[in-house]
Amino acid sequence: MDYKAAKAYILHKLERELSDQLFYHGLHHTLDVLKVTIELCESEGVGKRDTILLKTAALYHDAGFVVHNVQHEQLGCQLAQASLPQFGYTAKDIERICGMIMATKIPQSPKNALEEIICDADLDYLGRDDFKSIGDTLYEELKAYDVLSDVKTWNRLQVSFLEGHTFFTKTNLERRQGQKEKHLMELRDIVASYEKN
């Protein structure tokens, strides 16, 4: 497996082909998910080969956005299937990578420890200090794609999303859960204030 070549290939593709309307799902998000994936692989004791597969899945998990913003996970799998064989990934490797990519589809549905790691890496920001600034980029993106139009709807959506979200790894349950709950409480207060006006 030539991970470095696969990484160079997909990063170049994302840099050139992603829409500038992807304020959240841009290259910066993929790089953030890759960074957190590496942290989680270390803290969760993932072996060398599985770490490479996870890092590859992190790089490809939103690559489908170069094709379309709907069903992007499925499209990302198709890109992985088309490009990864030339970098020495086996059919079995690619099948596992696609499992990881598909697990990130909302609502997340991980079926094993590796899929749990990429799910936690993808939504790591929910329990971080940059939650609000990253959330703002997602709001801007949803507005740009005419999915949402006003901040009240967005904040209600965030409350229901956070209420339904679960971290899976021991690492993120320890380091992110408490902060995520604080964000949820703050958002509940904001949404409650709408009823009073």
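Biologist: Which residues lie nearest the centre of the second largest pocket?

Modeller: A pocket is an open set of points on a 1 Å grid over the protein atoms alone, where a 1.4 Å probe fits, with protein on both sides within 12 Å along at least five of seven lines; lining residues have an atom within 4 Å of a point. Here 14 residues line the second largest pocket, and Lys 132, Asn 155, Gln 158, Leu 187 and Ile 190 lie nearest its centre. This is a predicted model: local features need pLDDT of at least 70, side-chain atom pairs count only at pLDDT 80 or more, and totals for chains, interfaces and linings use all residues. Residues are numbered from 1 along each chain as its sequence is written, and side-chain values use heavy atoms, without hydrogens and water.

Biologist: Which helix gives the most to the lining of the second largest pocket?

Modeller: Helices are DSSP runs (H or I, at least four residues), numbered from the N terminus. Helix 7 gives the most here, with 5 residues. Helix 7, helix 8 and helix 10 (177-196) each supply at least two.

Biologist: How many residues line the largest pocket?

Modeller: Its lining has 29 residues. His 25, His 72, Ile 106, Leu 138 and Leu 142 lie nearest the centre. Helix 8 gives the most to this lining, with 6 residues. Helix 4 (72-83), helix 7 (131-144) and helix 8 (151-164) each supply at least two.

Biologist: How much space lies in the largest pocket?

Modeller: A volume is the space filled by probe spheres set on the points, which are joined across faces, edges and corners. The largest pocket holds about 740 Å³.
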